[in-house]
Amino acid sequence: MQKLFRWASKWWPGLIPLAVMWGFAAWNNTLPVEADLSARSSAALKDTVLDKTRIAVDGRDVSLAADAFSEEGRRDAVMAVEIVPGVRLVDDRTRLVAEAKPFVWNAERDVVRVTLSGSAPLPSMKARLTEVARKEVGGVEVADQMGLARGAPPRFEAAAMLLLDQIGKLKDGKITISDTKVNLSGMARELGGREAIAAALKNLPEGFSIAANDIKAPPYIFQAYKDPVAATVTLTGYVPDNNVHAAIATSASRKFFNEKVVDNLKASLGAPGAFNPAVVAALGALSRLSTGTLVVSDREVKLSGDALYEGAANDIRAGLGKDFPKNWQYKPEITVKPAPGPVDGTVCQQLFSELLTKGKIRFATKRADIDPDSAGILDHLIETALRCPTTNIEVAGHTDADGEDAFNQALSEKRAQAVIDYLVKAGLPASRFAAVGHGSTQPVAGNDTDDGKAQNRRIEFLVR
C-alpha cells in the first residue's frame, strides 16, 4: 500500500494540466456551437412578427425573450426555435404586447413638423405610416412617437392611410382615431381644402365614422386695387366658379370706365353665401373713389380710399352697407381727395368731353332710370362741375332711332332731367343746369348696327 501511495504521488500532479486542457477544449468547442444555434434560431424567427427579440444560448439550451402581438404568434415563435436542429430546450420568456383600450392613433401638424403618436398594431405598419406621412408633407419633418399595442380595430391601416392623405391639406391641425371614431380639427392649407377633406372622409373603411370634423377654411379673400396713376383696377384673390368670375369681370368693366381691369382672379371652393352680389356692390363703391382698395375676407368688406368730393364720401359711407346681404359686415375708411383747382369754361368743357368719351351714363332699357354702374362716371362729372362753379351747363339727351320719334324725344328729355336730378342731389345748384332732349335727331353713328345704336344713346354736357 505504501508503494501505491508513493507511486501515485508521482503522477497525480500531471492530472492538473490535463484537466485544464480538457476544460479549454470543451469551452473552445462550445462557443461555435452556441453561436451557430443563436444564428439558426434567429433565422427561424424571420417569418414571425415579434418586437424586442432577444436570444441567449447556453450550450444547447435557448432562452427566447420577445414581445408578441398575439397568443398564436407567441406560440409559433417558440415552436420555430424548438424545432431548430441541435436545440435541446427552449426557455420561453415571450410575452404579449399590452392591449390599448381604447386604441388611439394621432397625426398632428404644426408649423415645423408632423408628429405621429399613439399606437400602431405592428412594427411594419408603424414604418409604413411614417413613410406615407413623409411623402404627403414632402420636406416637412415627421416625428415618429408611436408605440406598439394590440387592440387595433379591423381595417385600421386603411383608415390611417386615408387620413394621412389629408394631413398634407392642413396648415395645422390634428387627426385622431379612437377605436373606430375619427376626430379632425385645424386649418386647411388652401381654399377648397376643407371641402376636399370632407369629400375624402366619405371613403373611410367600413366600420369607421366621423365623431367630429372641425376643419376650418382659410379666409376667402377677394381684393381690388384702383390705381389712378396706372389707370388700372387689379382684381386678385378668389371667386367660386367660372360663371361668377365672368359676371364680376363684366361688372367691373362697366363700372370702371376710365381704368383697365387687370383680372388675376382664380376659381376656388369655399366662398361665403351671397358672394357675387356683395362683391358687385363693393366694386360699385370702389368705382366712385379716386384711388382705393377693396378687401373682401369671408363676410367682411373693407373699403378704403379717397372719394372725389364730400357728398360722395358721405353717400358711400352710409349707403353701401344697405346693399350687402344679411350677416355681412362693412368697414368703410373713406376720406376725401383734395379739391382740384378751378378752371374756366373752355377747360371745363374739355374735361366733360373727355370723361364722356371714355365712359357713358347708362339707363334701364327704354326708361330714364340711371343704371347703378354709372355712379363712377357721374361722380367724376360732378367733381368737374365743382371746378367751374360759375358756368351754366346744358345736359342733352340722345336716343337711337328705334321706336317712335315722339317716344324717343320724351325719353331723351327724361334722361337728361334724371341726370340733373342726380347732380342736384349731390349738392350742385339746379339753376346751373338745363335739360334738353334731342331724341334720335343727332346721331353720331349709323342706326343699322347694335354698336352704332349704342353710340347714339348718350348724354352730353355742354358748357354755355
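**Aromatic pairs and a covered helix**

At 29% relative accessibility, Tyr238 counts as partly exposed, since that value falls between the 20% and 50% cut-offs. This comes from a predicted model. Tyr220, on the other hand, sits at 0% relative accessibility and so counts as buried.

These residues bring up the aromatic rings, which form six pairs in the structure. For Tyr220 and Tyr238, the ring centres are 6.2 Å apart and the planes meet at 55 degrees, so the pair is tilted. It's a link between distant parts of the chain: Tyr220 is in the loop between strands S11 (209–216) and S12 (221–227), while Tyr238 belongs to strand S13 (residues 232–239), 18 residues apart. Ring pairs also bring in Phe222 and Phe275, joining them with Tyr220 and Tyr238 in a cluster.

Next come Phe352 and Phe461. Their ring centres lie 5.0 Å apart with the planes at 55 degrees, so this pair is tilted. Phe352 is part of helix H10 (residues 345–358) and Phe461 of strand S20 (residues 458–463), so the pair ties together parts 109 residues apart in sequence. Phe352 counts as buried at 0% relative accessibility, and Phe461 is buried too, with a relative accessible area of 2%.

Then there's helix H11, residues 375–387. At 1.5 Å a residue, its 13 residues should span 18 Å, and the end C-alpha atoms are 19 Å apart, which agrees. H11 is mostly covered, with 11 of its 13 residues buried. Among the buried residues of H11 are Ala375, Gly376 and Ile377, along with Asp379, His380 and Glu383.

Note on methods
Residues numbered from 1 in each chain as written. Predicted model: local features only at pLDDT ≥ 70, side-chain atom pairs only at ≥ 80, totals over all residues. Heavy atoms only, no water. Helix = DSSP H or I, 4+ residues; strand = E, 2+ residues; numbered from the N terminus. Expected span 1.5 Å × (residues − 1). Buried < 20%, exposed > 50% of the residue type's maximum accessible area, 1.4 Å probe, protein only. Phe/Tyr/Trp six-rings, centres within 6.5 Å; stacked < 30°, edge-to-face > 60°.
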